[in-house]
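Q: I would like to learn how to read a protein model. Could we go through a few features in turn?

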Amino acid sequence: MTWKRARVLFFRALLLRCPVCGEGKLYCGLFKTYERCPACNFEYEREPGYYTGAMAVNLVLSELLITAITLPLAVNTSVPFIPLLIWGMTMPIIFPLIFYRHTKSFWMAFDHLLHPVTNERVFFPE
């Protein structure tokens with residue numbers, strides 16, 4: 001594992017590109033991923049339940065961010081209760097949606113850093 005490879009995978013994940021070739025897009029809609037890379041034809045979901053870890057990372061990241069923002073506001077007595085309540089009810093829904101695409105992308109990049117793709121995993125139709 002080299003730093004150069006990690007940096008390349010990080011930037012591919014940041015740009016929501018295929019971790020194998022860096023050219024194909026991951027998403028064909030707002031939340032829908034392609035099954036295979038449009039450029040290199042790599043199958044994105046390596047096994048059933050592949051993105052379970054990405055969902056867990058998304059949840060933890062969202063909840064930590066909400067806690068880091070909400071606790072100082074809750075301690076401050078000058079912040080009105082109603083805006084704090086609205087914040088606390090909407091952010092657990094909005095943050096996971098905001099982070100969804102990138103946590104999936106970074107999950108794939110991290111997986112490819114630890115388990116690089118081999119040629120037999122790339123399917124070339126005849």
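Q: Is serine 62 buried or exposed?
A: Some notes on the model come before that. This is a predicted model, with residues numbered from 1 along each chain as its sequence is written. Local features need pLDDT of at least 70, side-chain atom pairs count only at pLDDT 80 or more, totals for chains, interfaces and linings use all residues, and side-chain values use heavy atoms, with hydrogens and water left out. Buried means under 20% relative accessible area, exposed over 50%, and partly exposed in between (1.4 Å probe, protein chains only). Serine 62 has a relative accessible area of 0%, so it is buried.

Q: Where is serine 62, and what does serine 62 contact beyond its neighbours within four places in sequence?
A: Serine 62 is in helix α2; helices are DSSP runs of H or I with at least four residues, numbered from the N terminus. Contact means heavy atoms within 4.5 Å. Leaving aside neighbours within four places in sequence, serine 62 contacts Phe95, Pro96 and Phe99. Phenylalanine 95 is 33 residues from serine 62 along the chain, yet their C-alpha atoms are separated by 5.6 Å.

Q: Which residues of α2 are buried?
A: An α-helix has 3.6 residues a turn, so residues three or four places apart point the same way. In α2 the buried residues are Gly53, Ala54, Asn58, Ser62, Ile66 and Thr70. What covers them includes α3 (81–114). Asparagine 58, at 6% relative accessibility, counts as buried; not counting residues up to four places away in sequence, asparagine 58 touches Phe95, Pro96, Phe99, Tyr100 and Thr103.

Q: How do α1 and α3 pack?
A: Two packed helices are described by the angle between their axes and the distance between the axes. Axes are lines fitted to C-alpha atoms, for helices over the stretch in contact, and angles run from 0 to 180 degrees between N-to-C directions. Helix α1 (residues 3–14) and α3 have axes 8 Å apart, at an angle of about 160°. The two helices are therefore roughly antiparallel (over 145 degrees).

Q: Which residues have a positive phi although they are not glycine?
A: Most residues other than glycine have a negative phi. Among those with a positive phi here are leucine 16, at about 60°, and asparagine 41, at about 65°. Leucine 16 lies in the loop between α1 and α2, and asparagine 41 lies in that loop too. Leucine 16 counts as buried at 12% relative accessibility, and asparagine 41 counts as buried at 18%.

How values were computed. Parallel < 35°, antiparallel > 145°, perpendicular 65-115°, else oblique.
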